[in-house]
Amino acid sequence: MFNRALINFDKSILNQIHVRSLELLSDCGVRFFSEKAVEIFRTRGFRVSGQTVFFKEKDIVDALQTVPSQFTIKARNPEKNICIGGGDYMMAPGYGPPFMIETSGEMRNATLKDVHTFCKLVQTSKYLDFNSSIVVQPNDVAAETAHLDILLATILLTDKPIMGSTSSEIAARDSLKLAEIIWGNTSDPLMISLVDSLSPLQYSEESAESLIVYATAGQPVIVHSSCSMGSTGPITIAGSLVVSNATTLAGICLSQLINPGTPIVYGLGGSPTEMRTGGYVNASPEDVKHTAIVTALGRYYGIPCRSQGALTESFCLDYQAGMESAMMMTTAALSGADVSLHTCGTYGSMLAMSFEKFIADEDLCGALKKLMKPVEFSEEAFAMDLIKELGTTGNYLMQKHTVKRCRTEFYEPALSTRAIHTKWQQMEPREMDKRAGQILENRLLDYKEPDIDPQLERDLKTFIDQRKERMSGVS
Amino acid sequence: MTVKAIFDAVINLDEETVKNQTQAALDAGTDVNTILNEGLIGAMDEVGELFSAGDLFVPEMLMAAEAMKAGLAILKPFLAEGQSRSKGIVVIGTVKGDLHDIGKNLVSMMMEGAGFEVIDLGVDVSTEDFLKTAEEKNAQVIALSALLTTTMPSMESTIKAVKEAGLGIRTIIGGAPVTQTFADQIGADGFSSDAPGAVKLVKQLLA
């Protein structure tokens, strides 16, 4: 099999990170702002002090042993099921930004209509494999029921796998219920959800209880911890890795205590704190180093791993956006990441999304998917007979071998230009964001809603309506 | 029906069908000019449009031209009887000192596809050879290709010699480093950045 782990680390370093993480888990413990989580640990005989749980080496080793090395998530269209841990790099768009950035540079609140537009782009994307559960956080719908609106959109407007919501325990249960309406009562993986810890060494109530809900149902979870280096974790990469790794291992341990064999994606990250402002900075060389090391740690533990996506600090489609996004994603791809969120559309510290950046990032995703394909070394690919026939004077352009492969052999970007200068000068529009806008327009015109059984659609909508009614009644 | 089948076979890069359908059309008594202009050349006009629009790739355009030429070979004995003439004679080559021929070959193929008689002198062609051949063959156009900035001056000297010869032969130039500005500067009659553009250019010059 093609080995994507082009960036490797000395195993003794990975061992050191692991051993020091165990030391933190034993000496400092991890705080869970959830009585349910603490109770699970307490009944299993873990040492608990208040909300802080302490772990022994055996607890972690036992947990790691039951995590599967790969699993398949169902899509509404079975042809779009995704296998995670099978060697491919699965990509989802932005996750969580509350804002949209227009080509003018103006920033505005994201809306449910934006969610719908992104769903249509995911559905028509040649490269994105699954949906995000918060591609943007819509501001024009009630926050407590927004997860229902987003889930319904991802289910109806796309037939690719969905992410479950982790905004609360209730949101996690709603996600499971919707999946049950589609697929019935099954323990097969039907979605994947992101459980983000707090740093350092903590899990919020929502995160911990979402993790409990999904693990109980045997549903896959990305357990992810990330430091802002120098503020919520040590300023050094080594220290940041130990803190985040310990936190992630604690979450994995909880999942396996609840339901051994729960599919997990291992994730950790680290980004610098901007020392002039105290802000959070993405897409730095330090982020990239985390990206490379997390994939090595994932392999060390034998668990599929998540890396960050096409992140940037830029707010427009400029050199910085392209450079930072490409640096992040290329490293993830070449070091062997299994999953990335934020692969399309993200601007400025993951605070905003843009349709034009989404289109541009797709070119990057496509290029990387092509880059990751193994090189063909078949007899036909070596083309020895043809090479000998043409010798030193031949023109390969006119050969059937070339014609047969001329549409498939090379990657063809949708947005990047490859025109000669004269043609480039004649292009209207010439600016990248405007050309991305044209592609966006065509994609939305071409979009067709995927087929769904009308009864299933009614059942899903009825459930959503009932839940909204009930939740508004409660509030 | 058969002429349409010839047209479609060229577009589909299907040389065998072009040959079969061309023969079938001749056997059925279809006018040779109709087969040539509406079937073969018409298809190559379409191929040029598809290529310029980016819908057809270079190897496909070349295969289409090959298929067209296969049909043309079948028509040739009948064309010789004067039922049809070439649209003009073009002498083409890569200039002295330059061995690059892919772009020149593309232009050559497309010109033939459009119904011109093309005399391809190959690469590293001297001013004298361009002039001598053009004079002997009564060519209307000399097409010069260069890929290297170091060989571009050869274009200027050849064009100068053509003008001095006073034969009324038009000159066109092309190649990756060549621009309209350069063409104007050295007194070329035309420039094109791609093969279909070169065909259009020659059609305009000879109109």
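## The open sheet of chain B

In this predicted model, chain B holds an open sheet of five strands, in the order E2-E1-E3-E4-E5, with parallel pairing. Strands and helices are DSSP runs, numbered from the N terminus (E, at least two residues, for strands; H or I, at least four, for helices). Two strands pair if DSSP finds at least two bridges between them. Strand E2 (117–120) and strand E5 (190–191) of chain B stand at the edges with a single partner strand each, so one side of each has no neighbour in the sheet.

## Strand E4 and its partners

Strand E4(B) spans residues 170–174 and is mostly covered, with four of its five residues buried. Buried means under 20% relative accessible area, exposed over 50%, and partly exposed in between (1.4 Å probe, protein chains only).

E3(B) and E4(B) run parallel, joined by five bridges. Ala143(B) has Ile172(B) in E4(B) as its bridge partner. From E3(B), the chain crosses through helix H7 (residues 152–165) of chain B to E4(B) in a right-handed β-α-β crossover. Right-handed means that, with the strands pointing away from the viewer, the path from the first strand over the helix to the second runs clockwise.

E4(B) and E5(B) pair in the parallel sense over two bridges. Ile173(B) stands opposite Phe191(B) in E5(B).

Helix H6 (residues 127–137) of chain B lies across E1, E2 and E3 of chain B, at about 165° to E1(B). Helix H9 (residues 195–205) of chain B lies across E1, E3, E4 and E5 of chain B, at about 165° to E4(B). Axes are lines fitted to C-alpha atoms, for helices over the stretch in contact (heavy atoms within 4.5 Å). Angles run from 0 to 180 degrees between N-to-C directions.

## Helix H10 of chain A

Helix H10 (residues 319–335) of chain A has 17 residues. From first C-alpha to last, H10(A) reaches 24 Å, close to the 24 Å expected at 1.5 Å a residue. That expected span is 1.5 Å times one less than the number of residues.

Buried residues of H10(A) include Ala321(A), Met328(A) and Ser335(A). The buried residues pack against several elements of chain A, among them helix H9 (285–301) and helix H11 (355–372). Gly336(A) follows H10(A), and its phi is positive, near 100°.

## Conventions

Residues are numbered from 1 along each chain as its sequence is written, and chains are lettered from A and ligands numbered from 1 in the order in which they are written. Local features need pLDDT of at least 70, side-chain atom pairs count only at pLDDT 80 or more, totals for chains, interfaces and linings use all residues, and side-chain values use heavy atoms, with hydrogens and water left out.
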